[in-house]
Every structure is written in structure tokens, then in C-alpha cells.
Amino acid sequence: DHGDGQSDHWHWRKGFPYAFSARVPFILRWPDEKSYVSCVFMERHIHPLERGTQISDHIVELRDILHTVVDVANATNLIPANHFTSDDGRSLLCLLTNPLGTSCDYPVNPGAWRLWLDLEHSTVYNKTVHWNALMDTQMKYIFHAFDGTEQLFNISSDPYEIHDLSSDSQYIIELALWRNRMVEQFEMEGRGPSFVRDGKLVIRQESRSAVARALTTGGVSIQPYKRSHF
């Protein structure tokens, strides 16, 4: 599990978009037995990597565990057709077969590896802990929904996210790129005007519980949205 902060970014608990809270190391280990290696890897023309190898060019997440297990067990035929969408998890055997991530023949969810990942946290602890984020292995963009402030970190050169680049003139284009990606994702998911209005991200000071209460009284109209991960 991700841990609590030890005064990282002046925080002591999880629930924040920074690495101490949102990042979980992903370790894949397989047995040494030759029969296992032959069954899982050689028959699929996959060359197992040396122990200790790090794949740092692609972002993986929790949902990939299920798909990796299904693929390793050669049980993809047990998954009903269209049970998962293209936005769902993928098998890590794809990256062992094609470290570039440009293609994947995993039948449950074929295609190129995700380009970035979205993160989200609704109001908890206090009303300001309310944010959305997008990240890949190089950059992380954070939109703080309570007050509309943004943060941008180059996590490849600044893994502890110390230097916020959102106000750096050299990163104006990069900031706009990630902001627009978030706008496009919210629009594609159909989140409605409480998230995006006129092509711009919207400040959201209402917690989900407050919105739910308003919905029960007919005070707010919000379209349901579908989660999407790239």
C-alpha cells in the first residue's frame, strides 16, 4: 500500500496527489523453475528479463495485476467477450514481449500500452483535499478542484516533486498540453458542466456528499460519467 507522508509537502497522511501518497512500487517476480519459465515465456516467444530489471518507460497500475494473472494462467478464453473495455487494465506480459509498448496481443485488451494515467480524489479530511491529476513517466499535472490552482512536476528529474513548474515560463506549452488532456478526458467521460465548462476546468468546492444531498432535493443536475484511463 502507499504510505503516509513524513512531512512531505507538509503532509502526514495519504490522500494527496504527490508521490509519497499516490505512487506504489510495482514488482513482478516469477519462480525459477525451468518448467514454469518454459510454459509461460518460451512457448509464447517471450524472453524473461534478468532479475532486478526495471521498466521505467511505461506506467503501470493496480488494475494490471488481474490482467497479468489471467494472461499468465492462459485463461483469457474464460473472460466473456467485451467484459473489459480498452480503458481497463493490461497484462504486463505485453511489456515483456514488446518493451516499447507499441503493441500488445493480449486478447482481452489488445493495443498499445497506455500513454498516461489519471488520478482522482474527492473531498476527505477537509474541503481542500479535492483534486484530479494526470501523469506519465516524465510529467505530472495536478488540478486542485477546490481553488483551481495547478501544479506541474517533471518527475523524471524531480522524483520528490519539489519544484512546481506551473509558473515557469519555459513550461507554458507543457502545462497547456496537460490541462487540455484533462479537459478532453472529462468531456469524453461526460462529466458535465460541474467539471468542464466552455473548454475550461471548473472549480468544485462542493464535496460529493454535498452534491449527493443536492441531488436528492432536486437542486443539482449532474450527468453520470464513465471512468477512462489511457
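Among contacts in the protein between residues at least 6 apart in sequence, 48% join residues at least 24 apart. The model is a predicted one.

User: What pattern does the protein follow, read along the sequence?

Analyst: The secondary structure comprises six helices and six strands. Read along the sequence, these elements give the pattern α-α-α-α-β-β-β-β-α-β-β-α.

User: What percentage of the 230 residues in the protein is buried?

Analyst: A residue counts as buried when its relative accessible area is under 20%. Of the 230 residues in the protein, the buried share is 39%.

User: Why do the buried residues of H3 line one face of the helix?

Analyst: Helix H3 spans residues 64–72, and its buried residues are Asp64, His67, Thr68, Val70 and Asp71. Seen down the axis of H3, these residues line one face because they fall within an arc of 160°.

User: Which helix is included in what covers the buried residues of H3?

Analyst: Contact here requires heavy atoms within 4.5 Å. The cover over the buried residues of H3 includes residues 93–97, that is, helix H4.

User: Which residue does a disulfide join to Cys94?

Analyst: A search of the whole structure finds one disulfide, and its S to S distance is 1.7 Å. The pair links distant parts of the chain, ten residues apart: Cys94 lies in helix H4, and its partner in the loop between H4 and strand S1 (117–121). Both cysteines are buried. The residue joined to Cys94 is Cys104.

Notes: Residues numbered from 1 in each chain as written. Predicted model: local features only at pLDDT ≥ 70, side-chain atom pairs only at ≥ 80, totals over all residues. Heavy atoms only, no water. Buried < 20%, exposed > 50% of the residue type's maximum accessible area, 1.4 Å probe, protein only. Helix = DSSP H or I, 4+ residues; strand = E, 2+ residues; numbered from the N terminus. Arc of directions from axis to C-beta. Disulfide = S-S within 2.5 Å.
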